[in-house]
Amino acid sequence: MKRVTLEKIQERLVELLQPGIENAKSKEYLASAIGCSIGQVRRAIKELRKSYPICSCIRPGGYWLATTADEVQEFAMLLLQHIDGYERTYNRMRSHLENMR
């Protein structure tokens, strides 16, 4: 796989991502279409989210450009659920760690 710069990946993502969840593109599709790794796609999307309302979901799976406030709100709520789950897991692991000392 040839090296593709972050800037080029971002340019291609802006071209490939379409409005609406019905047009969601999988990370595998995007990586293949651009010629980069899935990790590079994720990093580029993380940066692009500073300027674009890029949402993602598990079902149907993929990334798309939000076109409504409801889509952005729904995605934000999903993120909060993930954060809550990670926080609970973190606290459990800290408890295990303290018990192991």
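Analyst: What follows takes the labels in turn and sets each value against its definition.

This is a predicted model, in which local features need pLDDT of at least 70 and side-chain atom pairs count only at pLDDT 80 or more, while totals for chains, interfaces and linings use all residues. Residues are numbered from 1 along each chain as its sequence is written, and side-chain values use heavy atoms, with hydrogens and water left out.

User: What makes helix 2 and helix 3 roughly perpendicular?

Analyst: Helices are DSSP runs of H or I with at least four residues, strands are runs of E with at least two, and both are numbered from the N terminus. Axes are lines fitted to C-alpha atoms, for helices over the stretch in contact, and angles run from 0 to 180 degrees between N-to-C directions. The axes of helix 2 (residues 27-34) and helix 3 (residues 38-48) cross at roughly 100° and come within 9 Å. Angles under 35 degrees count as roughly parallel, over 145 as roughly antiparallel, 65 to 115 as roughly perpendicular and the rest as oblique, and helix 2 and helix 3 are therefore roughly perpendicular to each other.

User: Which residues of helix 2 and helix 3 meet?

Analyst: Taking contact as heavy atoms within 4.5 Å, Lys-27, Glu-28, Leu-30 and Ala-31 in helix 2 meet Ile-38, Val-41, Arg-42 and Ile-45 in helix 3.

User: Why is helix 1 called roughly perpendicular to helix 3?

Analyst: The axes of helix 1 and helix 3 come within 9 Å and cross at roughly 75°, which makes helix 1 roughly perpendicular to helix 3. On the helix 1 side the contact is made by Leu-6, Ile-9, Gln-10, Leu-13 and Val-14, and the residues on the helix 3 side include Val-41, Ala-44, Ile-45 and Leu-48.

User: How many disulfides does the structure hold, and why?

Analyst: A disulfide is a pair of cysteine sulfur atoms within 2.5 Å, and the structure holds 0 of them. The sulfur of Cys-55 has its closest cysteine sulfur in Cys-57, at 8.8 Å, which is too far for a bond.

User: Are Cys-55 and Cys-57 buried or exposed?

Analyst: Buried means under 20% relative accessible area, exposed over 50% and partly exposed in between (1.4 Å probe, protein chains only). Cys-55 has a relative accessible area of 2% and is therefore buried, and Cys-57, at 19%, counts as buried too.

User: What makes a set of residues a nonpolar core, and which residues have the most contacts inside the largest one?

Analyst: A nonpolar core is a set of buried Ala, Val, Leu, Ile, Met, Phe, Trp, Tyr and Cys residues joined through side-chain atoms within 4.5 Å. The largest has 16 residues, and those with the most contacts inside it are Leu-13 and Leu-30. Helix 1 (6-16), helix 2, helix 3 and strand 2 (62-65) each supply at least two residues of this core, and the largest share, 4 residues, comes from helix 3. A second, separate core of 5 residues includes Cys-55, Cys-57, Trp-64 and Phe-75.

User: How do you know whether Leu-48 and Arg-49 are buried, exposed or partly exposed?

Analyst: Leu-48, in helix 3, has a relative accessible area of 7% and is therefore buried. Arg-49 lies in the loop between helix 3 and strand 1 (54-57), and its relative accessible area of 33% makes Arg-49 partly exposed. Not counting residues up to four places away in sequence, Leu-48 touches Gln-10, Leu-13, Val-14 and Ile-54.
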